[in-house]
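Subject: Handing over the structure

Hi,

Here is the structure I promised to pass on to you. Please have it open while you read the notes that follow.

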Amino acid sequence: MTNVPTHVAIIMDGNGRWAKERNMPRTYGHKKGSENLKKLSFYIFDQGIKYLSVYCFSTENFNRPQEEVDYLMNLFVEKFQTEFSEYKKKNIRVVFSGRRENLRADVLKAMDTITEETKENTRATLNLCLNYGGQYEVIDAMKKIIQENIAIEKITPQDLYHYMYQDLPPVDFVIRTSGEKRLSNFMLYQSSYAEFYFPETYFPAFDEKEFDKALDIYLHRDRRFGNIKEK
Ligand code: IPE
Ligand code: IPE
Ligand code: MG
């Protein structure tokens with residue numbers, strides 16, 4: 001399809017509320033959300049989208065009760081060790097964005113394994129934002145620039161992408177499920193000219209049909225990049 005966004009970013013929100021509506025624990029929502037991500041991501045890549053970034057865990061999510069943090073970390077390890085082999089088979093490269101500090105050794109190991117196993121894949125890229133914060137990302141980019149003695153006056157906005165956790169194209173389309181209308185520290189720099197969409201649906205219920213709706217909305221948006229509207 002022509003004009004599909006190159007880079008889609010999803011803030012996967014509403015797992016807890018989805019579970020609560022069903023009188024289930026929040027953790028059940030996370031489990032269903034992770035199952036949905038797998039199915040939905042394959043569908044998104046089938047639409048010809050080359051880059052998909054998803055918000056899995058923010059730096060601020062460490063403020064949640066330890067029990068929930070532990071559940072999520074265990075879920076990540078389990079998914080990366082088992083189901084993620086399907087990304088390998090489907091020629092999808094899996095990369096991570098975020099700080100390694102504060103992550104458990106088994107989580108880091110599972111992340112490194114899947115990164116290594118998929119690094120030569122060329123069909124599309126799945127960027128998992130885990131222990132991710134957009135403000136820290138800018139700070140960490142600044143640190144790299146200083147450490148590498150780069151002449152700061154020569155740096156262009158495009159150059160800065162190179163120092164981010166992953167050197168990916170700008171985000172074209174940000175979807176945040178669950179009706180919340182905020183970025184919560186997600187890809188602040190990369191989303192500077194993105195289109196935004198805030199469906200009410202909770203993430204575990206955000207299926208292929210919902211994505212079709214979202215894509216249709218994106219395709220009808222008028223992206224101007226500061227220019228005037230062309231007729
Ligand atoms: C998003 O769902 C998943 C993570 C933040 C890890 P939430 O857990 O934030 O669900 P709600 O927003 O409480 O419903
Ligand atoms: C943002 O959702 C983080 C993820 C989806 C992983 P939160 O649910 O943590 O965001 P706030 O706290 O409502 O802003
Ligand atoms: Mg939430």
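A definition first: axes are lines fitted to C-alpha atoms, for helices over the stretch in contact, and angles run from 0 to 180 degrees between N-to-C directions. Helices (H or I, at least four residues) and strands (E, at least two) are DSSP runs, numbered from the N terminus. This is a predicted model, in which local features need pLDDT of at least 70 and side-chain atom pairs count only at pLDDT 80 or more, while totals for chains, interfaces and linings use all residues. Residues are numbered from 1 along each chain as its sequence is written, and side-chain values use heavy atoms, with hydrogens and water left out.

Let me start with two helices. Helix H2 (residues 26-46) and helix H3 (residues 66-81) have axes that come within 10 Å and cross at roughly 25°. The two are therefore roughly parallel to each other (angles under 35 degrees count as roughly parallel). On the H2 side, the residues that meet H3 are Arg26, Thr27, His30, Lys31, Ser34 and Glu35; their partners in H3 are Glu68, Tyr71, Leu72, Leu75 and Lys79. Contact here means heavy atoms within 4.5 Å.

Next comes the sheet. It is open and made of 6 strands, in the order S3-S4-S2-S1-S5-S6, with parallel pairing (two strands pair if DSSP finds at least two bridges between them). Strand S3 (92-97) and strand S6 (195-197) are the edge strands, each pairing on one side only. From one strand to the next, the twist averages 20°. S3 and strand S4 (residues 124-132) run parallel and are joined by 6 bridges; Phe96 has Leu128 in S4 as its bridge partner.

Two single residues are also worth a look. Thr59 sits in the loop between strand S2 (51-58) and H3. With 15% relative accessibility, Thr59 counts as buried (under 20% relative accessible area; exposed is over 50%, partly exposed in between, with a 1.4 Å probe and protein chains only). Beyond its neighbours within four places in sequence, Thr59 is in contact with Asn131, Tyr132, Gly133, Tyr136 and Asn185.

Arg17 belongs to helix H1 (residues 15-21) and, at 28% relative accessibility, counts as partly exposed. Leaving out neighbours within four places in sequence, Arg17 touches Ser178, Glu180 and Tyr202. Arg17 and Tyr202 are 185 residues apart in sequence, yet 7.4 Å apart in space, C-alpha to C-alpha.

Technical notes: Chains lettered and ligands numbered in written order. Parallel < 35°, antiparallel > 145°, perpendicular 65-115°, else oblique.
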